[in-house]
Amino acid sequence: MPSQILYFAPEDWAFLEHFTVTGRAAQRAGFEVSVVTRVRNHRARLEAEGFRVLPFESERSNLGPLYNVLVMMRMIRTIRAVKPDIVHCIGLRMVILAGIAARLARVRQLVLLPTGLVYFWINDDLKERAMRRVVRLLVDKILNRADTEFIFENAEDPVELGIAPDAANLTIIGGVGVDPAEYPFVPPPGGSPIKVAVVGRMLKGKGIAEAVAATKQVHAKGTAVELHLYGAIDPSSRMTLTEETLRGWEKEGPIFWHGRVSNIGHIWGTHHIAMLLSYREGLPRSLIEAAAAGRPIITTDVVGCRSVITDQIEGFIVPKGDVEQAAARLQQLIQDEPLRTRMGMAAHQRFLQRFTAEAVGRTIYGVYSRIQARMPARPT
């Protein structure tokens, strides 16, 4: 009987776009894959990958204790029905809720991939500070055991959760993995204006307002530049921007909001520069995709973003919230085409060395193989 792995992920689109590489690695290791997630529009594509999809409704923005206890009880019932050998939890909320549910359901092997630290770690109000302490306590005292494997996208986040950087059960994967065939190198477009792309959900924490302000500063000097925003608003997030705000920026120009697009790879053929002035990331896939396509990058000196490029090699790293410096670096790239070309090529080479789907999948396969080595054989 094949071994079973059960993923808990927040959204079907998120698993499809960011963790298909992870699921394929599990299949290569011999596991049957089931994905517990909120289903919207991507069930058929997940099932085409050979993943069993188990719809599970839960609201990310609801932090009520009673609501989340009821969610955990439903998770326990799902786990007991599937009887998985491994439960793999993706995202901070799933790490806590599904991780505890797996412990209560006596699952022997647990894999935790705590993405989504942004909200509690960029806000410093009393409630957020208290929540950080609770999260660290739960991760360190309840979830971190000999049969737990931690996977992080960057080397800085483990410390925030109390995981020692040299822990034997810690693996750094360097992002979610991007297929070079899906995001090939493409020569930059010619002509003017210079087009800048920001790809990501339309959240305040993604630095969208700062990117808009920097572009407007450059445009006000008479420079031919456009900023194109690709991503949906997210009503489930407390940090979401509103459609009214985004449309208002469009009216002021030179800003264009396109909403969510299905094939990001095609964007880079018509854009010159990638920008993400985020407040914090795990490891931003949008910048890795831009690097794959050979685009210079402007990003912030924060956890996650600064792991993608080296300042002044593949692009520029600017202080978080510093619109003036972001505008100055944007102006520099716009005026210097050879610099754009050189940084774009360097970004592409860095991608090939560190961030491909093959490299990430190989690392995750190693985690699952390590777990298999300590698992008892399933009855045939």
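A nonpolar core is a set of buried Ala, Val, Leu, Ile, Met, Phe, Trp, Tyr and Cys residues joined through side-chain atoms within 4.5 Å, where buried means under 20% relative accessible area, exposed over 50% and partly exposed in between (1.4 Å probe, protein chains only). The views below come from a predicted model, in which local features need pLDDT of at least 70, side-chain atom pairs count only at pLDDT 80 or more, and totals for chains, interfaces and linings use all residues. Residues are numbered from 1 along each chain as its sequence is written, and side-chain values use heavy atoms, without hydrogens or water.

**View A. Inside the largest nonpolar core**. This core has 57 residues, and Leu 229 and Trp 268 have the most contacts inside it. Contact means heavy atoms within 4.5 Å. Leaving out residues up to four places away in sequence, the residues that Leu 229 touches include Val 198, Ile 208, Leu 246 and Phe 256. A second, separate core holds 36 residues, among them Met 75 and Val 82.

**View B. His 271 in its loop**. Look for His 271 between β10 (255-257) and β11 (273-276); strands (E, at least two residues) and helices (H or I, at least four) are DSSP runs, numbered from the N terminus. His 271 is buried, with a relative accessible area of 1%. Among the residues it touches, not counting those up to four places away in sequence, are Pro 189, His 228, Tyr 230 and Arg 295.

**View C. Helix α2 and its neighbours**. In α2 (residues 20-28), the buried residues include Thr 20, Val 21 and Gly 23. The buried residues of α2 pack against β1, α1, β2, β4 and α14. After α2 comes Gly 30, with a positive phi near 100°.
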